[in-house]
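Welcome! Take a look at the structure below, and then let us work through a few exercises together.

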Amino acid sequence: GNFEESNDEEGVEVNLRDADDEDFPSAAALRRIPTKLIKNGSLLFKGKKLMNLLALFYNTACKICPSKRFKSISGLFQHYKECHVDTEPFVTCCSTKIHKMPAIIWHFVKHIEPEAFKCKLCSYVVSRPKFLEIHLQNHRPDGEKPLQCDLCEKRFIWKGALKNHLMNHLIDRPEFICNICNRKYQTAGSLSSHRKSTHIDTQK
């Protein structure tokens, strides 16, 4: 069916196509999604149009009862809330469960317009295009960076970056080790990000 022109209620189920474990999005769905979604760090599409694009991109079938597929993510999430009360609603992409609408939107955009997330000076990738403005401050000349390490000449814009840098000067640096795969990280935040992106089956 055509998602964009449907007047049905959002929670109405739609028929599955022939393949039960088809890949999403399909080539036909991708052709219907604009390649330009971001302008000046902001989304070009909002509201119902954006929700229609998300429904084209993500598999809106319930992972618990896969014979039920919905026309929208909100319909799928409502189904989870009514029928699977012990499961936080989610969609999946890149072998990751995504629970919150902002993350669902930005993950979609990252697939369609990946360059909107990448710094042209160092190729650093941010989680949202607006964060590029913040990241670009890291490329200011050292003389414009207000914070200096007391133990070396390195300068920083952010207190958190200086604090992380100071860890490099410690002889006995603390290590944060993943209890699932034993990978080591320098900060608790890095370990937390690793767990969320790598070990999705361990999350509630």
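## Exercise 1: The largest pocket

Task: find which residues lie nearest the centre of the largest pocket, and which elements line it.

Solution. Start at the middle: of the 22 lining residues, Ala103, Lys110, Ser127, Lys196 and Ser197 lie nearest the centre of the largest pocket. Next, go by element: E6, H4 and helix H7 (188–198) each give two or more residues to the lining, and H4 gives the most, with 5 residues. Helices (H or I, at least four residues) and strands (E, at least two) are DSSP runs, numbered from the N terminus. A pocket here is an open set of points on a 1 Å grid over the protein atoms alone, where a 1.4 Å probe fits, with protein on both sides within 12 Å along at least five of seven lines; lining residues have an atom within 4 Å of a point.

Before going on, please note that this is a predicted model: local features need pLDDT of at least 70, side-chain atom pairs count only at pLDDT 80 or more, and totals for chains, interfaces and linings use all residues. Residues are numbered from 1 along each chain as its sequence is written, and side-chain values use heavy atoms, with hydrogens and water left out.

## Exercise 2: Helix H3

Task: find which residues of helix H3 are buried, and what they pack against.

## Exercise 3: Aromatic pairs

Task: how many aromatic pairs does the whole structure hold, and how is the pair of phenylalanine 57 and phenylalanine 108 arranged?

Solution. The search finds 4 pairs. Rings of Phe, Tyr and Trp (its six-membered ring) pair if their centres lie within 6.5 Å; planes under 30 degrees apart count as stacked, over 60 as edge-to-face and the rest as tilted. Phenylalanine 57 and phenylalanine 108 are edge-to-face, at 5.3 Å centre to centre with 65° between the planes. Phenylalanine 57 belongs to helix H2 and phenylalanine 108 to helix H4, so their pair ties together parts that are 51 residues apart in sequence. Phenylalanine 57 is buried, at 4% relative accessible area, and phenylalanine 108 is buried too, at 0%. Finally, ring pairs link Phe57, Tyr58 and Phe108 into a cluster.

Notes. Buried means under 20% relative accessible area, exposed over 50%, partly exposed in between (1.4 Å probe, protein chains only). Contact means heavy atoms within 4.5 Å.
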